[in-house]
Amino acid sequence: MPPLARLPLNDGHSLPALGFGLWQVPAPDTADVVDQALGLGYRLIDGAAIYGNEEGLGEGLRRSGLPRDDVFVTTKCWNTDQGYDAALRAFDASLARSGLDRVDLYLIHWPCPQRDLFVETWRALIRLRDEGRATSIGVSNFHAPHLERLVAETGVTPAVNQIELHPRLQQAALRETNRRLGIVTQSWSPLGQGRSFDDPVIRAIAARLGRSPAQVILRWHLQIGCSVIPRSTRRDGLAENLALSDFALTAGDLAAIATLDAGERTGPDPDRFA
Ligand code: NAD
């Protein structure tokens, strides 16, 4: 799958397979990073209210000069903004900060099952979608029981489930649940924040193909059918992560990478994170 190919969503829309993430991008640098990434050819920006840089996201998009409809913008409802009214207010605040009049994808950032507000929050997102202010709606860090509750109680299936996914946390069961429900899996921390760069299996494939470990890992995400949103603030890193279309992993490479799963998270466990 070419990185700028689009993956169909279950609501009739689509999203670019590859984008870039804004977590931990300092607010004062964000507009430059966004403008630079869009200039290199990225068309999907992964933001979130909690990243504290939605102003820069909007500013960078405007600075790029690209038509709004050419760029896919995601942002997310933070945990303390869950609940029907609170989520609607949080969405308005995100739009106000970014200066946009709609987003392409609005996600519930974490299920926070102990608070038991995610179904109510989902009802707010359905309203935002019906009003056309969020073109598509989805979730992040949701496990099978959380997804199944949303569907059972509202009849609306998320378009996307953005989850931690990298060679050391391959999430085969959750990917299968997403696939069965018609939900696109999007990989966060797709590079595992660098943890597999020195892995001998990754290094051997990278050496054979004449690519970097990061490129091998990102290509793996695309070939297992995931959308992927690596983060780099450096121009050469952004360019490297986009250059994935002129090589492919073999079935043997995919099988070798499959052995690297260690069930190892870099972030919190969604069942417990509140
Ligand atoms: P990542 O796996 O993308 O790794 C980022 C690190 O790898 C950075 O230190 C970066 O400098 C380095 N890197 C990037 N490209 C490289 C290259 N080509 N060569 C060498 N090093 C390279 O980690 P991440 O930022 O944690 O995740 C990516 C995005 O996922 C975030 O920016 C954010 O948008 C999203 N995310 C979402 C959630 C969620 O809960 N939904 C949580 C974490 C991250």
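The paragraphs below lead through this predicted model, from its overall dimensions to its sheet, its core and a few single residues. Local features are reported only where pLDDT is at least 70, and side-chain atom pairs count only at pLDDT 80 or more, whereas totals for chains, interfaces and linings use all residues. Residues are numbered from 1 along each chain as its sequence is written, and side-chain values use heavy atoms, with hydrogens and water left out.

The protein has ten helices and ten strands, where helices (H or I, at least four residues) and strands (E, at least two) are DSSP runs numbered from the N terminus. Taken along the principal axes, its C-alpha atoms fill a box of roughly 55 × 40 × 30 Å. The radius of gyration is 18 Å, which agrees with the value near 19 Å that a compact globule of 274 residues would have; this radius is taken over C-alpha atoms, and the globule rule is 2.2 Å times the number of residues to the power 0.38. Of the 274 residues, 54% are buried, a term that stands for under 20% relative accessible area, while exposed stands for over 50% and partly exposed for the range in between (1.4 Å probe, protein chains only). The accessible surface comes to about 10700 Å², and 51% of that surface belongs to carbon and sulfur atoms; the areas come from the Shrake-Rupley method with a 1.4 Å probe. Among contacts (heavy atoms within 4.5 Å) with a separation of 6 or more, 74% are between residues 24 or more positions apart.

The sheet comes next. Eight strands form an open sheet with parallel pairing, in the order E3-E4-E5-E6-E7-E8-E9-E10, and its edge strands, E3 (20–21) and E10 (227–228), each pair on one side only. Two strands are said to pair if DSSP finds at least two bridges between them. Within this order, strand E5 (residues 72–77) is mostly covered, six of its six residues being buried. On one side, E5 pairs with strand E4 (residues 44–46) in the parallel sense over three bridges, and Leu44 stands opposite Phe72 in E5. E5 also pairs in the parallel sense with strand E6 (residues 103–108), here over four bridges, and Leu107 in E6 is the bridge partner of Lys76. The chain crosses from E5 to E6 through helix H3 (residues 84–98) in a right-handed β-α-β crossover. A right-handed β-α-β unit is likewise made by E4, helix H2 (residues 54–64) and E5; right-handed here says that, with the strands pointing away from the viewer, the path from the first strand over the helix to the second runs clockwise.

In soluble globular proteins, nonpolar side chains tend to be buried together. Here the largest nonpolar core holds 79 residues, of which Phe20, Ile45, Tyr106 and Trp122 touch the most other members. Helix H4 (residues 118–130) gives the most to this core, with seven residues. Such a core is a set of buried Ala, Val, Leu, Ile, Met, Phe, Trp, Tyr and Cys residues joined through side-chain atoms within 4.5 Å. Leaving aside neighbours within four places in sequence, Ile45 is in contact with Phe20, Leu22, Val34, Leu38, Leu57, Val71, Phe72, Val73 and Thr74.

Some backbone angles also deserve attention. Most residues other than glycine have a negative phi. Cys112, however, has a phi near 45°; this residue is found in the loop between E6 and H4 and is buried, with a relative accessible area of 0%. For Ser189, phi is also a positive value near 45°, and the residue lies in the loop between strand E9 (184–188) and helix H7 (200–209), where it counts as buried with a relative accessible area of 12%.

Two alanines may be viewed in relation to Asp261. Ala173, in helix H6 (residues 172–181), counts as exposed because its relative accessibility is 61%, and its C-alpha atom is separated by 12 Å from that of Asp261, 88 residues apart along the chain. Ala159, in the loop between helix H5 (144–154) and strand E8 (160–164), counts as buried because its relative accessibility is 1%. Ala159 and Asp261 are 102 residues apart in sequence and 26 Å apart in space, C-alpha to C-alpha. Leaving aside neighbours within four places in sequence, the contacts of Ala159 are Leu9, Asn10, Asp11, Ser136, Ile137, Gly138, Ile183 and Val184.
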